[in-house]
Amino acid sequence: MAKKEDKKPQQPAPEKNKAEEIKEETKQESSQETFTVTKEQMEKMESLAKTLADEQDKYLRLAAEYDNYRKRTAKEKETIYADAKIDTIKGMLGVYDNLERGIAQYGDEDSPHRKGLEMVFTQFKECLTKLDVKQMECVGQPFDPERHSAVMHVEDEQYGENEVVEVLQQGFTLGEKILRFAIVKVAN
């Protein structure tokens with residue numbers, strides 16, 4: 001019978017492979033690093049690099065311009081909505097005044113017409129409250145020309161200097177914005 005010989009892998013072979021790989025890498029690196037460029041080619045590359053930089057600049061400016069446009073239109077939409085809301089509410093304030101006058105005209109507290117009118121008026125006030133419309137608190141407050149419009153002046157020692165005594169037409173605000181000035185009577 002023939003003896004089986006153990007075949008062991010030779011150690012020096014992998015070292016030769018590594019050495020050959022290193023030589024190939026250095027050849028590739030050295031071949032990648034060396035270029036010969038003519039003056040015309042260099043000028044052409046510089047002009048292409050400048051053109052690329054100009055195009056990138058145009059792109060960035062266009063992107064910034066679009067972003068500004070998007071923000072501006074969003075803001076315009078908000079203001080258009082707010083202005084439309086204000087215009088609509090201002091038109092309804094006349095109805096508020098008429099309902100208030102109508103209730104004041106009825107002397108009989110038990111009248112079914114008065115009660116119906118009061119219910120409609122209450123519902124109307126609730127609708128205004130849902131729209132964030134608030135009545136200005138004026139009576140007993142100092143006169144403020146930015147919120148009040150004085151149409152009458154009375155001398156009465158019972159009240160303080162420039163104190164609002166009576167509200168002739170109710171004023172309203174929407175958030176911080178004044179929808180309608182309060183028409184008031186001022187003392188002293």
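1. Helices (H or I, at least four residues) and strands (E, at least two) are DSSP runs, numbered from the N terminus. On that basis the protein has three helices and six strands. Along the sequence they follow the pattern α-α-α-β-β-β-β-β-β.

2. A word on the source. This is a predicted model, in which local features need pLDDT of at least 70, side-chain atom pairs count only at pLDDT 80 or more, and totals for chains, interfaces and linings use all residues. Residues are numbered from 1 along each chain as its sequence is written, and side-chain values use heavy atoms, with hydrogens and water left out.

3. Next, burial and surface. Buried means under 20% relative accessible area, exposed means over 50%, and partly exposed lies in between (1.4 Å probe, protein chains only). Of the 188 residues, 18% count as buried. The protein exposes about 15,700 Å². Carbon and sulfur atoms supply 53% of that area. Accessible areas come from the Shrake-Rupley method with a 1.4 Å probe; for residues, only the protein chains shown count as cover.

4. Contact means heavy atoms within 4.5 Å. Take the contacts with a separation of 6 or more: residues 24 or more positions apart account for 62% of them.

5. Look at the hairpin formed by β4 and β5. Two strands pair if DSSP finds at least two bridges between them. Strand β4 covers residues 172-174 and strand β5 covers residues 177-180; they pair in the antiparallel sense over three bridges. T173 has I178 in β5 as its bridge partner. Two residues lie between the strands. In the turn, G175 has a positive phi of about 65 degrees.

6. Now the salt bridges. The term means a side-chain nitrogen of Lys or Arg within 4 Å of a carboxyl oxygen of Asp or Glu. The count comes to nine.

7. In helix α2, K71 and D67 are four residues apart, so about one helical turn separates them. Their side chains meet in a salt bridge at 3.4 Å, N to O. D67 is partly exposed, with a relative accessible area of 24%. D67, R70 and K71 are linked in a network of salt bridges.

8. Helix α3 (residues 112-130) holds both E118 and R114, four residues apart, about one turn of the helix. They form a salt bridge, with the closest N and O atoms 2.9 Å apart. E118 is partly exposed, at 27%.

9. K134 and D132 form a salt bridge through their side chains (3.4 Å, N to O). K134 is partly exposed, with a relative accessible area of 48%. D132 is partly exposed too, at 33%.

10. F35, V37, M42 and M45 form a nonpolar patch on the surface. Together they have about 420 Å² of accessible area. Patches are made of residues with over 30% relative accessible area and no salt bridge: like charges are joined within 9 Å, nonpolar side chains (Val, Leu, Ile, Met, Phe, Trp, Tyr) within 5 Å. M45 sits in helix α2 (residues 39-105). M45 is partly exposed, with a relative accessible area of 44%.

11. Finally, N188. This residue is in the segment after β6 (182-187). N188 is buried, with a relative accessible area of 14%. Its side chain reaches the backbone oxygen of Y159 at 2.8 Å. Leaving aside neighbours within four places in sequence, N188 is in contact with residues including H153, D156, Y159 and N162.

Note on methods:
A polar contact is a pair of N or O atoms within 3.5 Å; within protein, one must be able to donate a hydrogen and the other to accept it, and residues adjacent in sequence count only if both atoms are side-chain atoms.
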